Amino acid sequence: MRPGNFSDHDDTVWTDAFNTKAVGMIRVSRAALPLLADDGTGRIVNISGATAETIIPNGVVTAVVNGAVQAFTSYLATEAAARKVTVNSVCPGMMNTEGWRQRLAAMGEAQGKTADQMQAGMTQALGIRAGRWGEPHEVGRIVAFLASDPAAYITGQTFLVDGGLTKSVG
């Protein structure tokens, strides 16, 4: 996530973000699709992010790139259907990742707070209904489901794993 407002970012930031996530996902999908079984068991599961679904302060670059991932998922699902390959997207909200823990610690240090205090403040400010950030394994569970046989009739969808963040009341 490259924090900042639209006017804070030059073309390099935008290009790097698109190349890393969206174009990277396109390249992996292009390479994988011909190798996937066409017997109804082939799966592609993309990871977008909650910024595509709701406004997160200073998240414009991430939001636009995540929106591209979700659009790509829909289009690829249409094309892959002829091969009986499903394509879906998982859209995590705020997650307890090592990267976020480091950011929270740095933000807290600058404000004389702990990382936990920063996280609690962000949870409240963003209106996360679950009252906490998610754990990576919670995203992993929905990815595993989408890759499984019971998900054979699900394609072109985006699944929010965000503790109610995108449905919060402003």
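Reader: In which sense do strand β2 and β3 pair, and over how many bridges?
Author: This is a predicted model. In it, β2, which covers residues 86–92, pairs with β3 in the parallel sense, over four bridges.

Reader: Which residue stands opposite Phe159 in β3?
Author: Val90 stands opposite Phe159.

Reader: What is the order of the strands in the open sheet?
Author: The open sheet has three strands in the order β1-β2-β3, and their pairing is parallel. The edge strands, each pairing on one side only, are β1 (43–47) and β3 (158–161). From one strand to the next, the twist averages 25 degrees.

Reader: Which strands does helix α2 lie across?
Author: Helix α2, residues 60–80, lies across β1, β2 and β3 and runs at about 165 degrees to β2. The helix has 21 residues, and from its first C-alpha to its last it reaches 30 Å, close to the 30 Å expected at 1.5 Å a residue.

Reader: Which residues of α2 are buried?
Author: Among them are Val61, Val65, Val69, Phe72, Leu76 and Ala80. Thr62, Asn66, Gln70 and Thr73 are also included.

Reader: Which exposed residues does the face turned away from the buried side of α2 carry?
Author: That face of α2 carries Tyr75 and Thr78, which are exposed.

Reader: Changing topic: at what angle do α3 and α4 pack?
Author: Helix α3 (residues 98–111) and helix α4 (residues 115–126) pack at about 100 degrees, and their axes are 7 Å apart. Angles of 65 to 115 degrees count as roughly perpendicular, and α3 and α4 are therefore roughly perpendicular to each other.

Reader: Which residues in α3 meet α4?
Author: Trp100, Arg101, Leu104, Ala105, Met107, Gly108 and Gln111 in α3 meet residues of α4 including Met118, Gln119 and Met122.

Reader: One last item: where is Gly131 found?
Author: Gly131 is in the loop between α4 and α5 (136–146).

Reader: Does Gly131 count as buried or exposed?
Author: Gly131 counts as exposed, because its relative accessibility is 52% and the cut-off for exposed is over 50%. The C-alpha atoms of Gly131 and Ser148 are separated by 30 Å, the two residues being 17 residues apart along the chain.

Note on methods. Residues are numbered from 1 along each chain as its sequence is written. This is a predicted model: local features need pLDDT of at least 70, side-chain atom pairs count only at pLDDT 80 or more; totals for chains, interfaces and linings use all residues. Side-chain values use heavy atoms; hydrogens and water are left out. Two strands pair if DSSP finds at least two bridges between them. Helices (H or I, at least four residues) and strands (E, at least two) are DSSP runs, numbered from the N terminus. Axes are lines fitted to C-alpha atoms, for helices over the stretch in contact, and angles run from 0 to 180 degrees between N-to-C directions. Contact means heavy atoms within 4.5 Å. The expected span of a helix is 1.5 Å times one less than its number of residues. Buried means under 20% relative accessible area, exposed over 50%, partly exposed in between (1.4 Å probe, protein chains only). Angles under 35 degrees count as roughly parallel, over 145 as roughly antiparallel, 65 to 115 as roughly perpendicular and the rest as oblique.
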